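Hi,

Here is the structure I promised to pass on. Have a look at it, and my notes on what turned up follow below.

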Amino acid sequence: AEDGIRDVERSRGLGDVYKRQLHNRGISYQRMEEFDLAIEDFSKVIKITPDNANAYFNRGCCYDRVKELDLAIADYSKALELDGTEPVSYTHLTLPTIPRVQIQVVT
């Protein structure tokens, strides 16, 4: 996970490579349960590519984990709007309203 974090700094300014590395770093932070840092990275990806359903979905997962349920639902909904073929987004859209111990991160 930490290798993914370092890779982003090396790829800054390389366009698509930077976007992929930034997204991957967000996933690394997510796996390390550094949700605020992951949210920052996914937000940067969304700013660069606002049609990135995966970034919305992953940011929604992070918002869900830090109990920002309205933001999680908004991101899951946006992910579905952008890519309605992803059944995982439908499932996660219902999860913020259901009490649970822990959700496995889906990447």
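Arg25 and Asp41 are both buried, where buried means under 20% relative accessible area, exposed over 50% and partly exposed in between (1.4 Å probe, protein chains only). For Arg25 the figure is 8%. Before going further: this is a predicted model, where local features need pLDDT of at least 70 and side-chain atom pairs count only at pLDDT 80 or more, while totals for chains, interfaces and linings use all residues. Residues are numbered from 1 along each chain as its sequence is written, and side-chain values use heavy atoms, leaving out hydrogens and water.

Back to that pair: the side chains of Arg25 and Asp41 form a salt bridge at 2.6 Å, N to O, the term being a side-chain nitrogen of Lys or Arg within 4 Å of a carboxyl oxygen of Asp or Glu. Arg25 lies in helix H2 and Asp41 in helix H3 (residues 35-48), so the two tie together parts that are 16 residues apart in sequence. Helices here are DSSP runs (H or I, at least four residues), numbered from the N terminus. Helix H2 covers residues 16-31.

Arg59 and Asp75 make another salt bridge, with their closest N and O atoms 2.5 Å apart. That pair links helix H4 (residues 53-65) to helix H5 (residues 69-82), again 16 residues apart. Arg59 is buried at 13% relative accessibility, and Asp75 is buried at 4%.

Then there's Glu81 with Lys78, a salt bridge at 3.2 Å between the closest N and O atoms. Both sit in helix H5, three residues apart, about one turn of the helix. Glu81 is exposed at 57%, whereas Lys78 is partly exposed at 26%.

Cheers
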